Amino acid sequence: MYENPRLILDSSNPPEPGEILWRTPSNIAIIKYWGKHGVQLPRNPSLSLTLAASCTDTVLEYAMKEAPDNAIDLEFYFHGEENEAFRTKTLAFLESLTPQFPFLRQLQLTVRTGNSFPHSTGIASSASGMAALALCLCSLEDRLFGTLQEADNFDTKASCIARLGSGSACRSIFPYAAVWGATPAVSGSSDQFAVPAEDLLHPVFKDFHDDILIVSTAEKSVSSRAGHALMEGNPYAEPRYAQARNRLTVLVDALRTGDLETFGKIAEDEALTLHALMMCSNPSFMLLRPDTVALIEKIHAYRRDTKHPVYFTLDAGPNIHLLYPGEIVAEVRGWIEDDLKQHCADEWVIQDWVGEGPEEL
Ligand code: DP6
């Protein structure tokens, strides 16, 4: 998709050197993407809320190469320092994208990137990172060729390119919420790219919080890539995909009507299903820590005692995402201080909320 051999620069009229900067948030899946096939295509549709504070800033600098050759010329800096591992990964990704962006071979490129949160903790740094890079590449195409002037085209291509980098990244392109994967519940939805889901949201979900309780900052013991691959031999894979499709339809209704209870039930069931799938993969993975379980029990008890609509979800890691509406922020923050922080590594909590999506700076 989006292959275009005509996107070649005229070497007799080279562009001025320049730079592009995108700030791009992470997202938290309520219906999880877990299992893929083909070229990064999902086995089931997923739905996420777009975050605000957990984000990646990426600058893409470019200049015409002085002597043309066929290689991709890339320097890569992570938090101001050259990073060879990320450079190698990004180089392979850019190589794979030359059918969509053939002009990449004609340029000297420098990527400078950094996150507002720690790398590889189960906070989806690949989501915001790959989405930021995809947005930079689409802005570069548009600046050099004027081919992505319409906002819808721009967003769809950026989402498709982000997906090729990391599946969940395709959902970070849109404000408030996004759906990735074809589902009859959302018109225009596709396996190739995410679509905006802001219009599906009752106002209560546009003022929603996600405080991330950092139980551990240790590197993940299984990469998402390896985790997805394990779904191929998982005996529960097919029923799981059917379950996700059904839950997405029910969730879309709950989002429309502002039904917090149904939203919370699905969010928690999805988180536990994701971890159950990892536990019964071969080899098996247990990413929950004792403090994760202690926090889940405290959340259940707090909800029972206060009737406050506070729910959790988890990514492929031990950290708890505490989900709740803005109107109870003061009570919940007080409770986190008094009772939950003690379960976090260095008492670390990232306060996040549903936000307006990526920003070109
Ligand atoms: C548990 O998008 O990180 O966060 O496509 O291999 O890069 P790759 O995987 P990735 O998987 C995310 C899995 C998840 C659920 C979700 O975000 O939907």
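A polar side-chain atom of Ser166 lies 2.6 Å from an oxygen atom of the ligand in this predicted model, a polar contact being a pair of N or O atoms within 3.5 Å. The backbone also takes part, with a polar atom of Gly167 at 2.7 Å from a ligand oxygen atom. On the side of His228, a polar side-chain atom is found 3.0 Å from an oxygen atom of the ligand. Of the 460 Å² of accessible area that the ligand has on its own, the protein covers 94% (Shrake-Rupley method, 1.4 Å probe).

The model is predicted, so local features need pLDDT of at least 70 and side-chain atom pairs count only at pLDDT 80 or more, while totals for chains, interfaces and linings use all residues. Residues are numbered from 1 along each chain as its sequence is written, and side-chain values use heavy atoms, with hydrogens and water left out.

The ligand is surrounded by 17 residues, each with a heavy atom within 4 Å of it. Helix H4 (residues 224-230) gives the largest share of this shell, three residues; helices are DSSP runs of H or I with at least four residues, and strands are runs of E with at least two, numbered from the N terminus. Domain 1 (18-200) and domain 2 (203-359) both contribute to the shell, so the ligand lies between them; the bounds come from an automatic or database domain assignment.

Elsewhere, four strands form an open sheet in the order E11-E12-E10-E13, with antiparallel pairing, where pairing requires at least two DSSP bridges. Strand E11 (311-314) and strand E13 (349-353) each have a single partner strand, so one side of each is left without a neighbour in the sheet.

Conventions
A polar contact is a pair of N or O atoms within 3.5 Å; within protein, one must be able to donate a hydrogen and the other to accept it, and residues adjacent in sequence count only if both atoms are side-chain atoms.
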